[in-house]
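User: I would like a close look at one part of this model, with the cut-offs stated as you go.
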Amino acid sequence: MTAQMIDGKAFAANVRAQVAQHVAALKADKGITPGLAVVLVGEDPASQVYVRSKGKQTVEVGMNSYEHRLPADTDAATLMQLIADLNADAAVHGILVQLPLPKHLDEDAVINAIDPAKDVDGFHISNVGLLGTGQKSMVPCTPLGCLMMLRDHLGDLSGMNAVVIGRSNIVGKPMAQLLLNDSCTVTIAHSRTKDLPEVVRRADIVVAAVGRPQMVPGDWIKPGATVIDVGINRIEAEDGKTRLVGDCDTDSCAAVAGAITPVPGGVGPMTIACLLANTLTACCRANGLEAPEGLTA
């Protein structure tokens with residue numbers, strides 16, 4: 001068996017096209033333009049790349065992009081005031097504070113200062129609670145992207161056995177909750193799980209989000225299972241350069257699985273696409289409109 005490769009780039013392009021279509025309709029029919037504000041504190045190189053990419057794609061789908069770049073020594077009061085101003089700004093429908101923040105700033109306090117209705121990262125404690133109780137919420141972008149791809153590939157997920165490897169607040173826990181909300185039987189596995197290979201072998205769906213390069217080999221995978229590899233790890237290649245790999249050993253897993261996401265080009269492109277989808281959802285809800293079907297959980 002050779003697994004089907006789930007093309008995250010193509011899927012993300014389709015999501016962005018859907019978002020752009022809905023944004024154009026909002027402008028034409030309601031005179032409303034969704035707006036996304038991104039706050040970057042400090043000069044972290046990776047964060048600068050992400051913020052630049054987010055701003056570019058926001059504009060490409062027809063939304064307004066607002067970037068706020070603050071120096072690394074910005075104090076908490078200044079950052080909190082900016083968030084309060086963005087909360088009050090009717091032109092801003094989504095607010096994202098790029099993580100990680102400099103160590104002197106309390107990430108939890110900053111995230112929970114964002115209006116939950118504008119929390120397009122889905123990290124606010126209110127959104128975590130709403131998701132956990134099956135209510136309408138803003139959903140973290142990476143798990144939402146994984147769910148979209150699973151639904152597209154498998155259709156109805158009801159009754160399937162799903163194993164999520166990793167228990168982070170950003171991916172593992174919300175991913176498990178989304179799968180549970182879709183009526184999967186869900187196991188959250190982690191570094192202390194006893195007989196992890198045997199646990200994974202029972203799964204129809206495997207979501208690997210643990211941050212360890214090529215941790216999951218093919219002999220852990222149930223034949224025909226769908227594997228979503230969230231990991232992005234940089235390792236040294238044979239030529240002395242570096243290359244990106246996932247949490248799964250793609251070659252051996254692809255020999256057994258029914259479908260798998262590659263790294264790179266799988267889950268990664270979906271994260272920003274879902275950020276745009278979340279901003280559109282937030283804008284619709286703020287204006288008493290239904291969020292577009294297929295772009296939410």
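Which cysteine sulfur is closest to the sulfur of C141, and how far away is it?

Analyst: The model is a predicted one, in which local features need pLDDT of at least 70 and side-chain atom pairs count only at pLDDT 80 or more, whereas totals for chains, interfaces and linings use all residues. Residues are numbered from 1 along each chain as its sequence is written, and side-chain values use heavy atoms, with hydrogens and water left out.

The closest cysteine sulfur to that of C141 belongs to C274, at 6.4 Å, which is too far for a bond, given that a disulfide is taken as a pair of cysteine sulfur atoms within 2.5 Å. C141 has 5% relative accessibility and therefore counts as buried, a term that means under 20% relative accessible area with a 1.4 Å probe and protein chains only. A second case is C284, whose sulfur lies 5.7 Å from its closest cysteine sulfur, in C283, and this too is too far for a bond; C284 is likewise buried, at 5% relative accessibility. Under this rule the count of disulfides is zero.

Helix 10 covers residues 268-286, where helices are DSSP runs of H or I with at least four residues, and strands runs of E with at least two, numbered from the N terminus. Its 19 residues reach 28 Å from first to last C-alpha, close to the expected 27 Å, the expectation being 1.5 Å times one less than the number of residues. Because 14 of those 19 residues are buried, helix 10 is largely enclosed by the rest of the structure. After helix 10 comes G288, which has a positive phi near 70 degrees.

Leaving aside residues up to four places away in sequence, L179 touches L150, L157, A162, V164, C184, V186 and V207, contact being heavy atoms within 4.5 Å.

Strand 2 is also largely enclosed by the rest of the structure, since seven of its seven residues are buried. From strand 2, G35, A37, V39 and V41 point one way, while L36, V38 and L40 point the other way.

Methods:
Buried means under 20% relative accessible area, exposed over 50%, partly exposed in between (1.4 Å probe, protein chains only).
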